[in-house]
Amino acid sequence: KRALQKKDVDIRRRIELIQDFEMPTVSTKIKVSRDGQYIMAVGTYKPRVRCFDTYQLSQKFERCLDSEVVTFEILSDDYSKIVFLQCGRFVEFHSQHGHYYKTRIPKFGRDFSYHYPSCDLYFVGASSEVYRLNLEQGRFLNSLQTEASESNACDINPVHFLFAMGTAEGKVECWDPRTRNRVGLLDCALSSVTADTEIEGLPSISALKFDGALNMAVGTSIGQVLLYDLRSSNPLIVKDHHYGLPIKSIQFHDQLDLIISADSRIIKMWNKDTGKIFTSMEPEHDINDVCLYPNSGMLNILMPNKMQFYDDYKFVTRKDLENLGLAHLIGSSLLRAYMHGFFMDIRLYHKAKMMANPFAYEEYRREKIRQKIEETRAQRVQLKKLPKVNKELALKLMEEEGEEQQISRKRKQKNLPSLLKDDRFKVMFENPDFQVDEQSEEFRLLNPLVSKISEKRKRKLKILEELEAQGQEEEEEPEGKASDAESSESSEDEKGWVEEVRKQRKLLRQEEKLKRQERLKEDQQTLLKPQFFEIKEGEEFRSFKDSAKKQKLMKKTLEDRLKLEEKLGTLNVSDTTVGSKQATFKLKKSEQQRKQQEAEKRHRQERKTLRRSASHLKSRRGRGRLFH
């Protein structure tokens, strides 16, 4: 092939494409092997991985997985050793023949990096720990304990193997794998805030990439890329994408000294020394991942190309197939099953529809005639139909739109969109809950001249309602005063703005005074009658203080309640011989039990005194006569 390229110019200009270089539904991540021969991509629905051979320009293999892949890494020079980090906390290893081993990490992972000198995998995710898995020993090692609550991205420097991780707090922690100690900390969130930056929350780190021994690029969740020299804590360049979307990928192009950064909307290429834009690309669909082919200028861009792949297909349901008489094609190669229906060739769909409904052209012709008639009717003078809610506001908007249209015609500008036709505000003219209360204090003080203007609008509204009831057509401009008179009145109204505000305030004070007098009269006329409440049997009346004390006691912790009971003597805690604790509780007596015990005690004392007096009388009788 190289010999033919030297001789034939057409062969040198020919572009050869990889056959079936696509995913059935959505692609999420793409990588290139170190030898440049294999391109691997993972996708969803169903989860799978596809490997393409660039030498043979065809698909090498396809493997389906149990769960979706968050990210993956090619450990070998070719495709023989692959690691997949899956969304179910699984880490799956594949060899050349297929699935090799599967394990699980304690928390959900978001990114990982491979440390070649020690054969360690570093996993970061929804945890403050960085999990280390040694592939030589086949076991987990001691984790790295960080100060971050969560981590989103990580990378290992290919020169001195410094491990860096981006946290959810907008910081980058750098660790030395040899000593397992943190050697540096960068506050990227503070450095990303500039004078013209508008942020709503704390930006987190979404992407991280090393370049050489000293350069590192950091992407944030608010669409900024910060280029650092590891010898300084301040960024050299801060590049903003101006979309406010998280940075998904950062690549370095050494031949042209460019940085290729991408979010879900745009790919920007800019000089890493000056920050000047080289070029940018903004595709139709969202961007999932970007991969730079090594030692070239070719980019692999992943997009959710569901409809892009099915441009020449028509989506039909099972009911549509039955109506077209094509239900017998289910299961054949002419239909491709997708979700709750099927994809079929658009040409076959049109042929089947023509055979199923031969009068479709007549229906199409009648629909076109009806549209033409409606267009001619729209050119006539029509009656303005007002909504049921906020009619005066709608009339005001119509008048303002008419004035703006006249101004735009004079200036030859485009007409602004109408608020009455906007779906975001249609509820305001349909739901009675959004009715404007013109009698409220806020409305009257904020709109002191609304009374005079609303009177004109009410007269016009009354005329429109009468015309609408009679079925007549309204003229383009209703009869009334000339525009000069109206402008003079508006100027006079502006001069009396302060007087109108004072007048409204006086009216509001008078109304409030009348309301207070009416409430005072009602209070004087009302007579309070005593009400009696009956306590149920078996219950006791307790004061509000007891209930308040009980609620206050219930808010305390178990430890505080135990200390209080121990102080009152209802709890006894002691140590046993084996070193454990023994607690003895004394039940608190209720008020009824306490009264009953006191009555029994008094009864016993009375009987005791009676016995003593009786014995004393017997002893006196034995001595002689006590009394007559």
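**Terms and values in a predicted model**

The structure holds zero disulfides, a disulfide being a pair of cysteine sulfur atoms within 2.5 Å. This is a predicted model, in which local features need pLDDT of at least 70 and side-chain atom pairs count only at pLDDT 80 or more, while totals for chains, interfaces and linings use all residues. Residues are numbered from 1 along each chain as its sequence is written, and side-chain values use heavy atoms, with hydrogens and water left out.

Me: Why is Cys 51 called buried?
Reply: Buried means under 20% relative accessible area, exposed over 50%, and partly exposed in between (1.4 Å probe, protein chains only); Cys 51 has a relative accessible area of 0%, and is therefore buried.

Me: What makes Cys 64 count as partly exposed?
Reply: Its relative accessibility is 46%, so Cys 64 counts as partly exposed.

Me: How do you know that Leu 564 is partly exposed?
Reply: Leu 564 has 32% relative accessibility, and therefore counts as partly exposed. Leu 564 lies in helix α14, residues 558-568, helices being DSSP runs of H or I with at least four residues, and strands runs of E with at least two, numbered from the N terminus.

Me: What makes β23 and β24 a pair?
Reply: Two strands pair if DSSP finds at least two bridges between them; strand β23 (residues 267-271) and β24 have four bridges, in the antiparallel sense, and Met 269 has Thr 279 in β24 as its bridge partner.

Me: Why do β21 and β24 stand at the edges?
Reply: The open sheet of four strands runs β21-β22-β23-β24, with antiparallel pairing. β21 (249-253) and β24 (277-281) each have a single partner strand, so one side of each is left without a neighbour in the sheet.
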